[in-house]
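Have the 3D view ready and follow along.

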Amino acid sequence: MTLSGMPYRGVFAIQPFRRVFAAAAISEIGTQISYVAIPLVAVVALHASPGDVGVLAGLSTVAFLVIGLPAGAWVDRMRRRRVLVAADLARAVLLGSIPLAWWQGVLSMAQLYTVVLATGAATVFFDIAKLSYLPQAVGRGRLEEANAHLVVLDAAGDIGGRGVGGYLAQALSAPVAVGLDALTYLWSAACLLGIRGREPAPAPVPPGRLTHDIRTGLRYVLGHPVLRPILLEGACTNLSIQLTVTMLPVVFIRQLGFSGAALGGFLASGGVGLLAGAMAARRIGGRLGQGRALWGTSLALAPAGLLVPLVGRDPWVWLAGAAWLVTGVKVGIDNVLKVSFRQRITPGNLLGRMNATFRLLLMGALTIGGFLAGLIGDQAGPRAVLWLGAAVPAVSWLLLFFSPIRRMSALPDTVGLSGAAVSPDLGRA
């Protein structure tokens with residue numbers, strides 16, 4: 001039933017979710033275009049070295065390490081929709097400066113570093129606010145359905161956005177492609193402004209308690225016997241992916257002589273896997289049990305990643321692309337089951353801080369992966385980075401296997417559940 005008493009027709013019957021979904025749809029396409037285009041701006045337009053590309057990748061997420069935890073505490077004190085709109089507008093202005101500087105002939109790596117860093121800071125607030133706003137928009141009972149739709153949307157962006165990004169960067173130039181991304185953020189802001197109804201004001205918080213609030217969020221996540229291993233395994237997955245995607249442009253463009261379109265197509269194969277994983281996640285979780293699904297799919301799918309470093313001319317590019325697709329399947333399953341569980345179990349007044357703690361480690365792993373990729377790429381070559389990226393998932397599933405998740409047929413869904421409150425027999429298969 002909906003709040004009005006009418007029969008429930010799915011999450012798209014909820015106006016706030018329709019608007020959130022529309023905003024995410026257009027901005028996701030733009031974001032994926034820049035995912036391909038910004039490294040190509042560095043490699044093609046500014047002749048960046050592998051080390052420069054690694055620094056660029058690291059700067060895109062370093063803001064999560066610097067302001068991630070305070071941002072979570074601030075988001076818990078603010079109306080989250082306002083945060084979303086402000087972050088979209090900031091990203092539109094920042095990314096729009098890249099094609100303008102390029103047209104004037106003054107674009108430099110320093111500006112690219114600055115834009116990527118500042119855009120990352122806006123993304124910190126946007127991501128935390130979006131994850132914290134969704135339970136209010138759809139209700140906790142519909143989170144898996146809502147997240148499944150959003151992850152499918154992410155996958156469609158990976159497939160279409162990255163492929164389109166490669167073609168646009170080749171046809172119009174990479175800076176112009178980045179400019180198109182700026183326009184998508186303006187559209188996203190307009191969609192969010194159209195949500196009907198006034199968001200309830202957060203509960204008042206005494207001044208001067210920011211540090212205390214941050215510690216509370218950290219204790220909640222790191223002291224939770226199920227959230228903690230999920231967080232650590234997710235960080236390993238992100239590290240692996242960032243190592244790989246940071247060096248793929250160097251391998252594709254410089255070593256193999258492929259085009260930007262070919263790179264976009266390869267990365268889009270991961271989106272196909274993400275789509276398949278997101279669509280199958282609820283069914284797999286229901287059949288295997290959510291806990292077993294998380295570590296079991298990792299164990300089954302991780303070995304495929306060892307084919308990615310073998311990317312080369314036919315047929316190896318196709319085999320590596322298939323392996324990248326399988327990696328996407330695992331990520332799609334994780335994104336639906338893990339994110340829904342996090343949102344479902346966490347009290348509303350802790351959602352911002354919980355999501356900030358997760359974002360700190362998950363995005364921090366991306367930051368480390370970017371810088372590490374540049375360092376190893378300069379010293380040992382891009383292929384060594386790809387091999388390290390393939391090796392991490394081969395063992396990271398053990399973090400879930402040697403945790404209470406191994407004994408759970410279903411993840412707990414009690415709001416406010418803490419480590420001390422988890423029964424050893426909860427959800428035992």
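**Buried charges and packed helices**

Arg91 is buried, and Asp88 is buried too. Keep in mind that this is a predicted model. Their side chains meet in a salt bridge, with 2.9 Å from N to O, and the structure holds 7 salt bridges. As a bit of background, side chains of opposite charge can pair when their charged atoms come close.

- Arg91 and Asp88 both sit in helix 4, which covers residues 80-103. They are 3 residues apart, about one turn of the helix.
- Lys330 makes a salt bridge with Asp334, and their closest N and O atoms are 2.8 Å apart.
- Both Lys330 and Asp334 belong to helix 12 (residues 316-345), with a spacing of 4 residues, again about one turn of the helix.
- Are Lys330 and Asp334 buried or exposed? Lys330 has a relative accessible area of 10%, so it counts as buried. Asp334 comes in at 5%, so Asp334 is buried as well.
- Lys330 and Asp334 also belong to a network of salt bridges that links them with Glu233 and Lys338.

- Arg359 forms a salt bridge with Asp127, and the closest N and O atoms are 3.1 Å apart.
- Asp127 has a relative accessible area of 11%, which makes it buried, because the cut-off for buried is under 20%.

**Helix 3 against helix 13**

- Two packed helices are described by the angle between their axes and the distance between the axes.
- For helix 3 (residues 62-75) and helix 13, the axes come within 8 Å and cross at roughly 180 degrees.
- How do these two helices run relative to each other, parallel or antiparallel? Helix 3 and helix 13 are roughly antiparallel, because an angle over 145 degrees counts that way.
- On the helix 3 side, the residues in contact include Val62, Phe64, Leu65 and Gly68. On the helix 13 side, they include Ala356, Leu360, Met363 and Arg359.
- The residues of this contact split into 8 nonpolar, 6 polar and 2 charged.

Technical notes:
Residues are numbered from 1 along each chain as its sequence is written. This is a predicted model: local features need pLDDT of at least 70, side-chain atom pairs count only at pLDDT 80 or more; totals for chains, interfaces and linings use all residues. Side-chain values use heavy atoms; hydrogens and water are left out. A salt bridge is a side-chain nitrogen of Lys or Arg within 4 Å of a carboxyl oxygen of Asp or Glu. Buried means under 20% relative accessible area, exposed over 50%, partly exposed in between (1.4 Å probe, protein chains only). Axes are lines fitted to C-alpha atoms, for helices over the stretch in contact, and angles run from 0 to 180 degrees between N-to-C directions. Angles under 35 degrees count as roughly parallel, over 145 as roughly antiparallel, 65 to 115 as roughly perpendicular and the rest as oblique. Contact means heavy atoms within 4.5 Å. Ala, Val, Leu, Ile, Met, Phe, Trp, Tyr, Cys and Pro count as nonpolar, Asp, Glu, Lys and Arg as charged, and the others, Gly among them, as polar.
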